[in-house]
Amino acid sequence: MVTYILRRFGAMIITLWLIVTLTFFLMHLAPGSPFNQERNTNAAVQKNLMEHYHLNEPIAFQYLSYLKSLLHFDFGMSITQPGQTVNGLLAQGFPVSFELGMMTLVVAVLSGVILGVLAALKHNGIIDYLAMTLAVIGISVPNFIMATLLIQELAVHWHVLPAATWSSPKHVILPTIALATGPMAIIARLTRSSMLEVLTQDYIRTARAKGLSPYKIVVRHALRNALLPVVTILGTLTAGILTGSFVIEKIFAIPGMGKYFVDSINSRDYFVIMGTTVFYSGFLIIMLFLVDIAYGFLDPRIKLHKKEG
Amino acid sequence: MKKRFNLICTLLLALSLVGCSTTQSSSSGSSDGKTKASSGKKVLHLNNGNEPTSFDPAQGFDAVSWNALNNIMEGLTRLGKDNKAAPAMAESWDVSKDGKTYTFHIRQHAKWTNGDPVTANDFVYAWKRLLDPKTASPAAFLGDPIAGATAYNSGKGSADDVQVIASDAHTLKVTLTDPNPSFLNIITNPCFFPIDEKVAKANPNWFKEAKTFVGNGPFKLTQWVHNSKMVMKKNENYWDADTVKLMEVDWAMVNDSNTEYQMFQSGQLDESSVPADLSDQLFKQGKVKVSSQAGTEFYRFNTKMAPFQNAKIRKAFAMAVDQEQLIKYVIKSQEKPAHAFVSPGIVDTSGKDFRSEGKSYNAFNAKEAKQLLKEGMKEEGYKTLPQVTLTYSTDDTNKKVAEALQQMFKKTLGINVKLANMEWNVFSDEQKKLKLQLSRSSFLADYADPINYLVSFTTDSSMNRTGWSNKQYDQLIAQAQKETDEAQRNADLHQAEDILFDQAPIFTIKFYDQEYLQKDNVKGIVRHPVGYLELKWAQVQ
């Protein structure tokens, strides 16, 4: 187990380094500059700016010094927001994205699993059809359309909830629903199909034969195994949702970190591009790692290390 | 193993609960405050669109910073309701006979929000900081009229040679290189706001948070949740506090025009921009309010690239454009078609509207366009015209206009023009490097003077970007910049505009305006054609 984790950890560092290197050089290859403005500043000012951000140094030197500062978890300064550190931007944005993402995950997983289980248990019944219709709608309606519809109905027509911004628990409801429907639908469909498969397994029949209560059969024996595929996608899903959604955060004016992914590229804010990329990929790599560990706990057939068990 | 799994689950759950509860408690606190403040008091709810780039007067050279900053700080002069510079921090001023030296008398009782007096020194400090090449201010060029400013900013001169001097605590003497009838107007710009030197020296990041921000405007910044909202309250220390009726301004930062409109409909905002898709409908319902904006949309020919080295071919393309049709059927707004470069609403030195005194150029004329194209092609010895590519920065409206232009060139001149679009940053870079043959552009005035528009096309201007150079034009602009005779200055500028359209390094599309929705109980918000949002006289009834 320990050697497995160490080996995985090494692979994670190498993956991250590759991502950092590729992004760094691709970003500098892209035409345009962070100091590009409608009106040009004079040569002396341009020179000062380049020097201030060390962009006048050879690219290899910039790369090495960036790697060095990464070791101290220092992401550098934002160029388009003068005086603002990238660490500061992430520290402001991430908790907000995280809060919204956590709510979304809880809603999506709970409702998705429940829908999927119900659909599988009442296979080819009314509930199954209803649940799967809901799932198809959830997958096919993009979240930005869902968001606009929700605002129009619940905020503009019925005045039940605020349209946008981020200041009270009430403001969290609409973006959570808009963001959760897609993942919920995916989870519901996955749960349903793997539940159907598991329910035909021998050990379920055995459990039934032993006279266990239906509740125990479903929750203890069937669901635990049926959840494996759900856990698999949960890794990427979690990383994606927790680091913020550009579209949903823009529509609901949520001060998360989603916008930096896109804005920083448009404005060539080099350090913010790097910061968001490193942060997101680091997060994703760790989540995937956690998923692999979770397999071991969920499914005794998967062994993380040969010698164990 | 099961125990461990349960433990991890519990830990994860606990973690997420902690995450949720801490952020919720802190945010619900602020929302309570908001509802208390909103009830009974006169609060205006606006949308700033985005987080201000910076409240450092020398840095935030954009509307998202300066629309807000304009209401929490104040310069020597401030634009009045009539769009003219009026006394502000300066109670009065004297101008020397040669029109070059201004002596400003700063109000004795002018105070910063922290109680410090506003002194002439605060202006000297702020202005020299603006011009310091180390500050790297994008707005520093606005200081060019001041003697010694250009040299200092380009790294050739020193701060001591900049002719901004505090004779005493309340007297500021500024000397210009040439007499400049727009100087009082130029210094209403937020980059010329003073800075409390004591505060800035003690904390160089004073402008980053509401707590440390020290202003001197009609309002004071009391809360600033980054990327989320700002709250401004009436500043009782302001010299003209009796005029200010509004108790509070709440700024949201919503960067989606549909959401903004929905918030306006649901009552969360008192104002909104007009979503493009609904523009037609809202105009028909008479809900859209319009005020003018000093700026022009136009296209640049690259005169260094075939076939646009030829003036007749350029003019042929220019005349094939029907601006009226474009606005009516493609852009679908109430904006005015542009038949000149200087937009309406810009007054000349005699106080008359420069546009209504000037001519109308660049009218659609299919016959003449065809004739000019023929002549031009003959001059250049073309049998077929070299391929023309029209480039625009990626945007829905730009695309629609470009496609309509493509059709107009096809219909009138029989020429197939290729279209290309680029992301703004690349587009702007290539346009500056003269790599684009025919490209979209826009100009928004920095100060209300026709010369601000026309100086763009002098040979050395960084705004030229056409490769076009005309000695007579350069001379006329240089003369106008030095001219003390008002009538002569205006004549020079009109003549320069004649040359610009006769030589046609550009063709114009439309004059901009500001279109917005506003609740009926909101009164007195002033939108200057050049300048930033003014809430000093605003009221919520």
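## A parallel pair in chain B

Strand β14 (residues 388-393) of chain B pairs with strand β15 (residues 417-422) of chain B in the parallel sense, over six bridges, where two strands count as paired if DSSP finds at least two bridges between them. Within this pair, B:L390 stands opposite B:L419 in β15(B). Between the two strands the chain passes through helix α13 (residues 396-413) of chain B, and this β-α-β crossover is right-handed, a term used if, with the strands pointing away from the viewer, the path from the first strand over the helix to the second runs clockwise. Helices (H or I, at least four residues) and strands (E, at least two) are DSSP runs, numbered from the N terminus.

This is a predicted model, in which local features need pLDDT of at least 70 and side-chain atom pairs count only at pLDDT 80 or more, while totals for chains, interfaces and linings use all residues. Residues are numbered from 1 along each chain as its sequence is written, chains are lettered from A and ligands numbered from 1 in the order in which they are written, and side-chain values use heavy atoms, with hydrogens and water left out.

## An antiparallel sheet in chain B

Strands of a sheet pair through backbone hydrogen bonds, either parallel or antiparallel. In chain B, four strands form an open sheet in the order β4-β5-β7-β6, with antiparallel pairing. Its edge strands are β4 (90-95) and β6 (164-168) of chain B, each of which pairs on one side only, and the twist averages 25° from one strand to the next. Helix α3 (residues 120-131) of chain B packs on this sheet and touches β5, β6 and β7 (171-175) of chain B, while its direction makes about 165° with that of β6(B). Contact here means heavy atoms within 4.5 Å, and axes are lines fitted to C-alpha atoms, for helices over the stretch in contact, with angles running from 0 to 180 degrees between N-to-C directions.

Going across the sheet, five bridges join β4(B) to strand β5 (residues 101-106) of chain B, and B:V95 has B:Y102 in β5(B) as its bridge partner. Five bridges also link β5(B) with β7(B) in the antiparallel sense, and B:H105 stands opposite B:T171 in β7(B). Four bridges join β6(B) to β7(B), with B:L172 in β7(B) as the bridge partner of B:A166, and these two strands form a hairpin with two residues between them.

## The helices of chain A

The secondary structure of chain A comes to 13 helices and zero strands, and its C-alpha trace spans about 85 × 60 × 30 Å along its principal axes.

The axes of helix α1 (residues 2-29) of chain A and helix α3 (residues 59-71) of chain A come within 11 Å and cross at roughly 140°. That makes α1(A) oblique to α3(A), since angles under 35 degrees count as roughly parallel, over 145 as roughly antiparallel, 65 to 115 as roughly perpendicular and the rest as oblique. Among the residues of α1(A) in this contact are A:W17 and A:F24, and those of α3(A) include A:Y63 and A:L67.

The axes of helix α4 (residues 86-121) of chain A and helix α13 (residues 270-298) of chain A come within 10 Å and cross at roughly 50°, and α4(A) and α13(A) are therefore oblique to each other. The residues that meet include A:F94 in α4(A) and A:F279 in α13(A).
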